[in-house]
Each structure stands twice: as C-alpha cells, then as structure tokens.
Amino acid sequence: MKNKRLIAVVALLGIYLIGSFVYEKMAETKSAAPATTEVKEIGVLQYVSHPALDEIYRGIKDGLKEEGLVEGKNLKINFQNGQADQSKLATMSQQLVQANPAALIGIATPAAQALANTTSEIPVVLGAVTDPVGAGLVESLDKPGKNVTGVSDQPPVSAQIQLATTLLPQAKRIGILYASSEDNSKYQVAQAEAAAKEAGLTVTKYAVPSTNEIAQTVQVMSQSVDVIYIPLDNTIANAMQTVIKEANKEQIPVIPSVDTMVEQGGLATIGINQYQLGVQSGKMAAKLALGKNEAATTPVYTFDKGDIIINQEQAAHLGVTIPEEVKEKAKSVTQESTKSTESSKEEDK
C-alpha cells in the first residue's frame, strides 16, 4: 500500500514538473515571438520651404525614430507643404485629417493653426510655434487643455539684442523687419522693441505684407538704420538671400533669430537649433501616437538656452571685429557650408 502511494506521489510530482517545464517553454516562445507591428500614420503640414523649417522636418523624422517609429516598418508619414498659401493650408489640413492619422504635426504657426482649426480630436503637435497661447492654440504652456501641445521656438530676444549691441557698439538705430501677416512675428517684435529701447537704441519697425516688398523695404531701411533685426518670421526667412543682398550693398549688419539665417548671411544670433527642435517635436508626436501621453496634459516644451552663432565670413565682409569673449562661446558658420563648426569651444552642455 505504501509503495502504491509512493508511486502515486512520484507520478504527480513528475506530471507537475513536466507541466511547469512545458509552460515555461511556451512562455519563452511567446515572449521571443515578434509583436504584431501596427503601422502608425503621422500627418505633417509644413507652412513653407526654407532652411529653418526644412531642418525641423529632418529632426522630426529622427525624433519619431528615436521613439521607435520608423518609416517603412511601422510608420507612414503623410507630408504636405503649403508653400505659404493659406488656402492650400486649409485644403491640405482637411486631407490630412480625413486620413485619420494617429497624430498630426504643424511646422510653423500658420500650419499648426490650420490643423487645429480642422480637428478637435486628433492630437496636434506644434513644431516651431513662438507664442502658442497668443495664437489661440493652447490654454497655457503647462496645461494645454485641448488636443494640441508641442514645441515652442521662442528665442531669447533680449539676449539677441544684447548680442547686437556687443558686436556693434557704435550702432544707434535698429530697424525691425517682419511680415505683417504673421502673428508669431508681432509677438517678438514687441519684445525686440522693448529690449532695444532698454539698450538705448532708436527703434523703427518695418512691416511688409509679402515677399514682393522686401527688397524695396530693405533698401529704405539701409538708408536709415545701423543694424537690421529679424524675428522668427517665415516670410522674411523665405527671402533671406534678398535681405542680405540689399543690406550688403550698404554694409548694414543683419541680426536674425535662427541659426540657418546666419548661415544665409546674417551676422550672428543666439538661437535654438532647428534640428533639435524638430527632434523634440517628433518625439512628442510619437508618444501621442503610441498612446503614452495625452495632448491636453502634456506641457508645451520650451528650450531654456540657445547657442551663439557667428558668421565669420560676413563679419569680415562688414568689418566687424568679434570680441574674444564672444568667440569663446560661439559656433562659427560660413555661407559655403550649411553645417556649423565650433570656433573654439561650445557652451557647457
């Protein structure tokens, strides 16, 4: 009788061990098997083509990739470019929304506004919007409150004006060039005007309705000012070569708000790296698309510092001597290269 019981116990123990072994192997096989790959679609609307916005789009794709969304594998990007045409932005927004993507990205304020006006359900990521609150896109930077969040490209305007006075100590008159049609520009113009007056400069504002008037306006400015300041303005950025061509005729330095505009002939700026801005936008869009975050509760991302960018070639052309203390912190760019190189040493990262 005892032998039978022992045999039964051994048999049960064997069955248990075999069952446990089989279960563990099945679990290992299941975990080792690749997960089902669901393709996420991201709609991207870019306001216009110019180097700064193109760099943002390049960064967006890399940002999506960093969060695990890769084109050709589990990501489809539906890209549209409005070429600064408001009617096209509206039509393209409707097309992008009708595709029912997992998330949308608007590169520049007009594009973001067009998307936000088209859908209140699909998450919208702001790629380079200077004043999201003033543009009516979010309730606040900390708590957007709607289906919209993203990245602000608000530059350090006061620091840019201070840099201008450091590089151009003899300058007394500054002209601010901007497009009257862009809300983001008006916000910065007010900041720049206040900072320039505080620095003791005489300020004159020059608003243009379109690119057609830029050349003539710069010609007029060049007779009346010592330096030209350009805020983050897509209309002016799209015609930067024209601005530099006309300003150079009278040896007038141009202080823009973005690194790519320094590469195009601006003297210097303290600006946010546009590629990194795009990377951050892409990462935010990926997290929304994957359901990791919600737009309404995701704070708008803002950069806490920028890089000093100097165009050494333009400085030489204008006869501007760059102080050593500025050189030590600056990145140097040339108009022949679209990539920045360190002139000495970068700021602490």
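Which residues are buried in α4? In this predicted model, local features need pLDDT of at least 70 and side-chain atom pairs count only at pLDDT 80 or more, while totals for chains, interfaces and linings use all residues. Residues are numbered from 1 along each chain as its sequence is written, and side-chain values use heavy atoms, with hydrogens and water left out. Helices (H or I, at least four residues) and strands (E, at least two) are DSSP runs, numbered from the N terminus.

In α4, the buried residues are T109, P110, A111, A112, Q113, A114 and L115, where buried denotes under 20% relative accessible area, exposed over 50% and partly exposed the range in between, with a 1.4 Å probe and protein chains only. Helix α4 is thus mostly covered, with seven of its ten residues buried, and these buried residues pack against β1, α3, β3, β4, α6 and α8 (234–237).

The axes of α3 and α4 (residues 109–118) come within 9 Å and cross at roughly 50°; axes are lines fitted to C-alpha atoms, for helices over the stretch in contact, and angles run from 0 to 180 degrees between N-to-C directions. That angle makes α3 oblique to α4, given that angles under 35 degrees count as roughly parallel, over 145 as roughly antiparallel, 65 to 115 as roughly perpendicular and the rest as oblique. Across this pair, Q86, L89, S93, Q94, L96 and V97 in α3 meet P110, A111, A114, L115 and T118 in α4, contact being defined as heavy atoms within 4.5 Å.

Helix α3 (residues 86–98) also packs on a sheet, where α3 touches β1 (40–46), β2 and β3 (103–107), and the direction of α3 makes about 175° with that of β1. This open sheet is formed by six strands in the order β2-β1-β3-β4-β5-β11, with parallel pairing; two strands pair if DSSP finds at least two bridges between them. The edge strands, each of which pairs on one side only, are β2 (75–81) and β11 (301–302). Within the sheet, β4 (residues 124–127) and β5 (residues 148–152) pair in the parallel sense over four bridges, and V125 has T149 in β5 as its bridge partner.

Another open sheet consists of four strands in the order β7-β6-β8-β9, again with parallel pairing, and has β7 (202–208) and β9 (254–255) as edge strands that each pair on one side only. Strand β8 (residues 227–229) and β9 pair in the parallel sense over two bridges, with I255 in β9 as the bridge partner of Y229. Helix α5 (residues 157–167) packs on this sheet, touching β6 (173–179), β8 and β9, and its direction makes about 165° with that of β8.

In soluble globular proteins, nonpolar side chains tend to be buried together.

By contrast, E198, placed in helix α6 (residues 183–198), is exposed, with a relative accessible area of 73%. The C-alpha atoms of E198 and Q162, which are 36 residues apart along the chain, are separated by 9.9 Å.
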